[in-house]
Each structure stands twice: as structure tokens, then as C-alpha cells.
Amino acid sequence: MTGRAVVLGGGGVTGIAWEIGLLTGLTEAGVDLRADLVVGTSAGSAVGAQLTSGTQLPELFARQVDPAKQVTEIPAEIDPEQMALLFAESMAQNGDPQESWRRTGELALAAKTVGEAERRAVIAQRVPNPEWPSTRLALTAVDASTGEFVVFDRDSGVDLVDAVAASCAVPGVWPPVTIGGRRYVDGGVRSPENADLAAGSERVLVLRALLVPDYNPLDEQVRALTEQGASVLVLSPDEASLTAMGVNALDPAVREPTARAGREQGLREAERVTALWRP
């Protein structure tokens, strides 16, 4: 086992803000966040593309807290009943998981959303560099028609912006993304973190931005990693960060307070991350 992995979980625009804030605080405290593998799911895919883009974290942080630099987000229209149905499908514990993910994809394909081009333009603003990085970046998605879990990387032949857009395609909220004639939805349909993709890494840092009651596949994934010999640290939003994030993970209005709370949390967590990261 060799190498370090950073796993960036889903969590909407508030998840992006919290993760960027946390990573900024860690670096300000002297943590070297260079990794051999970055795994990104949903919001984490956008953060992963930013983190590996060559853009420095102070600039990425400014894009969260400075209104003049913030991405112009499309207001999300959420149907609570539809979202409840979609989550129930994707989190189904009985039977074939891929079939549950397929049913979620089927519902996503039928949902009324903004157009793909309009949504892609927003994602393109989130990605500072449209080229795949030299660092191994693995972005997750699910085939909406088959329920197959897929991982996009620099060897997949998929445009980076499209890969991020697919991973961020929250079912029922944003349109499934067309890639090579197939349509894909959020990798969080399979798991909010997909930390098992870090298998083989010696040290794994997981940012878990989304806390879903009674649904936590991350525990099993972390258990498997530790059984393989990895050292794993999971960081979740603390009380101050949760307060800043509020109840709507898709609300861009709380990006600034969420990023600032994440930064403060990162400063406090630096010692634990350093202990994990040190060779």
C-alpha cells in the first residue's frame, strides 16, 4: 500500500463551500494536502476539479466568499415529494442496488429540469481549468438507464466539465448529462462519498459534507479500508458549520458563511490531519 487519497463527498453548493473552506483552513495551518488520488462525488467532484486545477486555495476560497467572484447559480426548484421518492429509491437496502439506482435514474430522466446546456454553463464556471490534471482524479456518476456505477478519469476520454456535470446531476433537480450517447446522474446515488475507490491507499482523508439520517454507507467503506491496512480520517461539518449550511444544501445564499465556518473548522482540525498525513 502506498500513497495518500483525499475523498470529497457530495453536499450541494453548501458542501462545495464547506469543503473549500475546510481545505483552506488546513493549508493555512500548514497541512500539505498534496495527494496521489482525489475521489470526487457530486459537490466533491467540483471541489476535486478545483483542488487539482493549479488554482491556489486562497483564490478558491475567495470564489466562495466574494460575491464578485462567486459562480452564478441557477435557483434550484425542488419538489419535496419527488425528492423523497428519488432518495427512497437510491437508498433502498433490499434487492439489487443497481436496480434501485436504475429506478432513480428512470425518475431523473422523466423529471422536468432546466436544459443541459444551461446547467453545463454553470458547471464550467466552477472548473478553473478544463483539462484533466496530472494528479489522479476520479469522478463518480451513475448511468441513468442501467444504474451502472461509473468512474470518470483522465483515461476515460470524457471531457472534464462533462464529468463534473454528470457527477453533480442531482436526480430530479438537474438534468442527467449526455456523454457518448448515454445519460448520467449524480454519483451520490450510489454513495455520498464512494470512499471505497481509495482502496490501496495508505492514508485516506474523507470529507463527509452530507449527513443523511439512517443512511451511511461510508461506515462500511471505512471499515473495509481499515481492514485493508489504511489509516482513515473522516471529517464532517461541526456544529458551527452545520448552522451556517442551514437546511437547504442547494442554497447559494449561504456559501459565504459556510466557507468561513469550514475554514475555522479546518484550522482546528489541522493537528489531526497532520497526524494522518505524516509519513
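Visitor: What makes Arg190 count as a charge that sits over the ring of Phe149?

Guide: A charge sits over a ring if NZ of Lys or CZ of Arg is within 6 Å of the ring centre and within 35 degrees of the ring normal, and the charged end of Arg190 is placed 4.4 Å from the centre of the Phe149 ring. Arg119 likewise lies over the face of Trp174, at 4.1 Å from the ring centre. This is a predicted model, in which local features need pLDDT of at least 70 and side-chain atom pairs count only at pLDDT 80 or more, while totals for chains, interfaces and linings use all residues. Residues are numbered from 1 along each chain as its sequence is written, and side-chain values use heavy atoms, with hydrogens and water left out.

Visitor: Why is the pair of Phe152 and Tyr184 called edge-to-face?

Guide: Rings of Phe, Tyr and Trp (its six-membered ring) pair if their centres lie within 6.5 Å, and planes under 30 degrees apart count as stacked, over 60 as edge-to-face and the rest as tilted. The rings of Phe152 and Tyr184 are 5.4 Å apart, centre to centre, with 80° between the planes, and the pair is therefore edge-to-face. A search of the whole structure finds 1 aromatic pair.

Visitor: Which parts does this pair tie together?

Guide: Phe152 belongs to strand β4 (residues 149–152) and Tyr184 to strand β6 (residues 182–186), so the pair links parts that are 32 residues apart in sequence. Helices (H or I, at least four residues) and strands (E, at least two) are DSSP runs, numbered from the N terminus.

Visitor: How do you know whether Ser42 is buried or exposed?

Guide: Buried means under 20% relative accessible area, exposed over 50%, and partly exposed in between (1.4 Å probe, protein chains only); Ser42, at 6%, therefore counts as buried. Ser42 is in the loop between β2 (37–40) and α2 (43–51), and its phi is near 55°, a positive value in a residue other than glycine.

Visitor: What makes Asn194 buried?

Guide: The relative accessible area of Asn194 is 0%, so Asn194 is buried. Asn194 lies in the loop between β6 and β7 (203–207), and has a positive phi of about 55° although it is not a glycine.

Visitor: Why is α3 called oblique to α10?

Guide: The axes of helix α3 (residues 57–65) and helix α10 (residues 255–277) come within 7 Å and cross at roughly 140°. Angles under 35 degrees count as roughly parallel, over 145 as roughly antiparallel, 65 to 115 as roughly perpendicular and the rest as oblique, which makes α3 oblique to α10. Such axes are lines fitted to C-alpha atoms, for helices over the stretch in contact, and angles run from 0 to 180 degrees between N-to-C directions.
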